[in-house]
Amino acid sequence: MVVARGVPDSEAVLVPHASVGVGTARRRLIAGLTDRGFDCAVVDDAALVLSELLSNALKHARPLPDGSVRAAWAVRSDRVLVIEVTDGGGPTLPRQPSPSVTARGGRGLSIIDALAADWGVRGTADEVTVWALLPIRVATGEQTDEVWDFDFDAVEPLDG
């Protein structure tokens, strides 16, 4: 695992294109957000979104040229937690499916859609990034439902 730290509010982790990478990245995200004092609901949602994005990358996409998948997250100045997963692309781009009630899978992007304020895909033939935006609630020792406002149109990609 390679960890690259940028500004204090961001982190990128290269993990193997294997199931072990999901847990590794999830633990780093949880530790980083918890250490910064984020509300446990935000940490839980972020961990689930990251897990789903990484699981989809492992199932449907190729690794990056070095055999890894990149997971990145950043707390932006406009109070948005941006989570991104970058892989080597695949035969199709991610899209939200409509699985049947009896289907054993196909609900990951629906979960992300329910938890994130927005999500999307960008990339080239060699590299695809799926991103999600989560509103940030502040843990102040008291229960709070405060969600900071942010401008979705101002979202820029994380530099990887």
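This is a predicted model: local features need pLDDT of at least 70, side-chain atom pairs count only at pLDDT 80 or more; totals for chains, interfaces and linings use all residues.
I started with the buried residues of α2, which are V42, V43, A46, A47, V49, L50, S51, E52, L53, L54 and A57. Buried here means under 20% relative accessible area, with a 1.4 Å probe and protein chains only. Helices are DSSP runs of H or I, at least four residues, and strands are runs of E, at least two, numbered from the N terminus.

Residues are numbered from 1 along each chain as its sequence is written, and side-chain values use heavy atoms, with hydrogens and water left out.

Next I checked the length of α2, residues 40-60. Its 21 residues should span 30 Å at 1.5 Å a residue, and the end C-alpha atoms are 30 Å apart, so the two agree. The expected span is 1.5 Å times one less than the number of residues.

Then I looked at its neighbour, α1 (residues 20-35). The two helices pack at about 155°, with axes 9 Å apart; axes are lines fitted to C-alpha atoms over the stretch in contact, and angles run from 0 to 180 degrees between N-to-C directions. So α1 and α2 are roughly antiparallel, the word for angles over 145 degrees.

I also looked up L33, which sits in α1. L33 counts as buried because its relative accessibility is 3%. Its C-alpha atom is 10.0 Å from that of A74, 41 residues apart along the chain.

Terms used
Buried means under 20% relative accessible area, exposed over 50%, partly exposed in between (1.4 Å probe, protein chains only). Angles under 35 degrees count as roughly parallel, over 145 as roughly antiparallel, 65 to 115 as roughly perpendicular and the rest as oblique.
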